[in-house]
Amino acid sequence: MSGVVGYIGDKNPVEVLVAGLYRIKGHDSAGVAVVNDEGVTAVKSLGKLENLEAKLAAQPVTGHLGIGHARWATHGVPNETNAHPHFDALNEIAVVHNGIIENYQELRTSLQQEGVAFRSQTDSETLAHLIRKYYQGNLFKAVQQALRCAKGAWALGVVSRHNPDVLIVARQGSPVVVGVGDNEAFMGSDVSAIIKYTRDVVYLDHGQICEVRRDGIKVEDLDGNPVQHEVVHVDWDDSAAEKDGFPHFMLKEIHQQPEVIRNTLRGRISDDASDVNLSDINISEADIKACPRITIVACGTSWHAGMVGKYLIERFAEIPVELDLASEYRYRDPIVEKNAIVIPVSQSGETADTMEAVRLAKSQGARILAVVNTVGSSVARESNGVIYLQAGPEVSIASTKAYTTQVTAFALLTIWLARIRGTMTKDQAKDMIAELRTLPDKMQLVLNNQEPIKALAGKQKYRDAQSAFFLGRDYNYPSALEGSLKLKEVSYIHAEAYPAGELKHGPIALVTNEMPVICVAPKGNIYDKMVSNIQSIKARAGLVISIATEGDTAIQAYSDDVLYIPECYEPFSPILVALPLQLFAYYVAVNRGCDVDQPRNLAKSVIVE
Ligand code: M6R
């Protein structure tokens, strides 16, 4: 994920900024800007931070105030021009920004009409020009006024050559903290970026803006109302700080899901919330209308998300969808019809099998619409259009937030396709969008109430199981597949997933009183069928854990244990169901003493066959 850092004080700002940037995981470019007698001097570089360090060693910069940024591209390819800091036209105001400015096109066009020339393709540069527009000597007021015009998310740091004693920090959505020291102060996207220097921090809240000086800070909201702030002393050690206080990246990333789902939705929903806007994906309405079939290709977790996508698209957009494992597709001489669209799904965008499937489909004339997390990755570059997940980098090998954002991206794509194909009314789209928007808060409820999941994972009968089954039907068959993959990869328990209706055709022979069977059974069309499947397992003494909708007490009669999710719209239930499944796998693995973030034999990106 992109990250911001800042410093004001007597230390060499470059040293403080670079040390902070090293704590930000995953980036494609980086840069710093330092205020000194000559103005605001910026140094940027593409690639690893070592490249930036080498440049800074060759052209040392000094001063007492600076900001820095490690970029993980969202708008515009990774290059030095798109790297932060970004400047106003006079190169006097510099900004670093983490987040997404949703209305940047609108703002950009109106600034261009006023004569502003843009240098980069980023949404963030808009903020530098907007602040300049309102600047009349008071940087704090100018930033406040500029942000009142912006929509979206930001963790923002701003400096100006004419205000060498002040660093402006603002937050909406994307997290940012201010660190307080002795005659010095710091800014970081999280505590890990500044913990080397201070443990006294102020967590800014949504919609707040902070004027940071060496000897104190002032916080207001965007309308200029003063806000009381609290200095919190954190006593995390260094490695806990890197994970935001979580013991593992997997748990941190599980907890990031409400925020990243909001990011996936951000900017893709019309103002009246009745339509999805994917106009930037370079696939035209004519392409969609002419398409006889969609093929989704992916591996692992991304393939599971693709299966939810298939169910959604077929049901609501009424386009036939084929789903293939990329490793099979590339060798099985698939038939690519005229005007076909192929959708590769990938977190990394570098998976070798998925990449080769894309090349094959392209060579046969398909249009490629990728669902990818990593901007500028191979799959993204070779596709005609891309829906970026906006999940930020995933460090844990076990994929969590990439999965739920992939399913969310498919939900958006489905609504968009269905509206173009005329299979969904505006009112239906509105209802579905409203349901999608409720998901982050519902996910937060699950995360706030994870004690029962933790307790379950600690029970000896589950923790020490040799083997487990995961069952689901319809939208939640892929949930079962994903739950099973999570458990096996982090806890090394043998696990298999079945569509629940298939159990009686053989696998039920394996059910014993030592076999946990995790049954995904939220309320919905298929609920009664699921319950009869569960009863048949119970009749064979299987150990049933049901994942059910809050308020469903009836299911307790057939289950040894029940984990609840909030009530939700059935087609989007896989997004919620993923959380207890991920947490269960995580806590079982922790209880078994497994190396959760680095499971044996696995790599984060499978770039070889
Ligand atoms: O980067 P990709 O999404 O293309 O990766 C695909 C799989 O390798 C990946 O999802 C893998 O299955 C994960 N370890 C699952 O947690």
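Which side chain makes a polar contact with the side chain of Thr122? The side chain of His86 does, at 3.4 Å. Keep in mind that this is a predicted model.

**Around Thr122**
- Thr122 sits in the loop that runs between helix 3 (104-113) and helix 4 (125-134).
- Despite that loop position, Thr122 counts as buried, because its relative accessibility is 1% and the cut-off for buried is under 20%.
- Besides reaching His86, the Thr122 side chain has a polar atom 3.2 Å from the backbone nitrogen of Glu125.
- Setting aside neighbours within four places in sequence, Thr122 touches Arg71, His75, Asn82, His86, Tyr104 and Arg108.

**Helix 16 against helix 20**
- Helix 16 (residues 451-458) and helix 20 (residues 573-591) have axes that come within 8 Å and cross at roughly 45°.
- That angle makes helix 16 oblique to helix 20, and the crossing is right-handed.
- On the helix 16 side, the contact uses Ile453, Lys454, Leu456, Ala457 and Gly458; helix 20 brings Pro580, Leu583, Phe584, Tyr587, Val588 and Asn591.
- Sorted by class, this contact has eight nonpolar, two polar and one charged residues.

**Helix 15 against helix 20**
- The axes of helix 15 (426-448) and helix 20 come within 9 Å and cross at roughly 20°.
- How do helix 15 and helix 20 run relative to each other, roughly parallel or roughly antiparallel? They are roughly parallel, because the crossing angle is roughly 20° and angles under 35 degrees fall in that class.
- The crossing of helix 15 and helix 20 is right-handed.
- Leu439, Lys442, Met443, Val446 and Leu447 of helix 15 meet Ile575, Leu576, Leu579, Pro580 and Leu583 of helix 20.
- The residues in this contact split into nine nonpolar, no polar and one charged.

**Helix 8, mostly covered**
- Seven of the nine residues of helix 8 (residues 257-265) are buried.
- The buried ones are Gln257, Pro258, Val260, Ile261, Asn263, Thr264 and Leu265.
- These buried residues pack against helix 7 (249-255), helix 14 (401-421), helix 15 and helix 20.
- Just after helix 8 comes Gly267, with a positive phi of about 75°.

- His84 and Pro85 are joined by a cis peptide bond, with omega about -5°.
- Pro85 belongs to the loop between strand 4 (65-71) and strand 5 (86-87).
- Asn91 is not a glycine, yet its phi is positive, about 60°.
- You'll find Asn91 in the loop between strand 5 and strand 6 (93-98), partly exposed with a relative accessible area of 39%.
- Asn183 also isn't a glycine, and its phi is positive too, near 60°.
- The loop between strand 9 (177-180) and strand 10 (185-188) holds Asn183, which is partly exposed at a relative accessible area of 39%.

**Out at Gln136**
- Gln136 lies in the loop between helix 4 and helix 5 (139-149).
- Is Gln136 buried or exposed? Gln136 is exposed, with a relative accessible area of 77%.
- From Gln136 to Val531 is 395 residues along the chain, and their C-alpha atoms are separated by 67 Å.

Methods: Residues numbered from 1 in each chain as written. Predicted model: local features only at pLDDT ≥ 70, side-chain atom pairs only at ≥ 80, totals over all residues. Heavy atoms only, no water. Axes fitted to C-alpha atoms, helices over the stretch in contact; angles between N-to-C directions. Helix = DSSP H or I, 4+ residues; strand = E, 2+ residues; numbered from the N terminus. Parallel < 35°, antiparallel > 145°, perpendicular 65-115°, else oblique. Left-handed = near helix turned anticlockwise from the far one by under 90°. Contact = heavy atoms within 4.5 Å. Nonpolar A, V, L, I, M, F, W, Y, C, P; charged D, E, K, R; others polar. Buried < 20%, exposed > 50% of the residue type's maximum accessible area, 1.4 Å probe, protein only. Polar contact = N/O pair within 3.5 Å; in protein donor to acceptor, adjacent residues only side chain to side chain.
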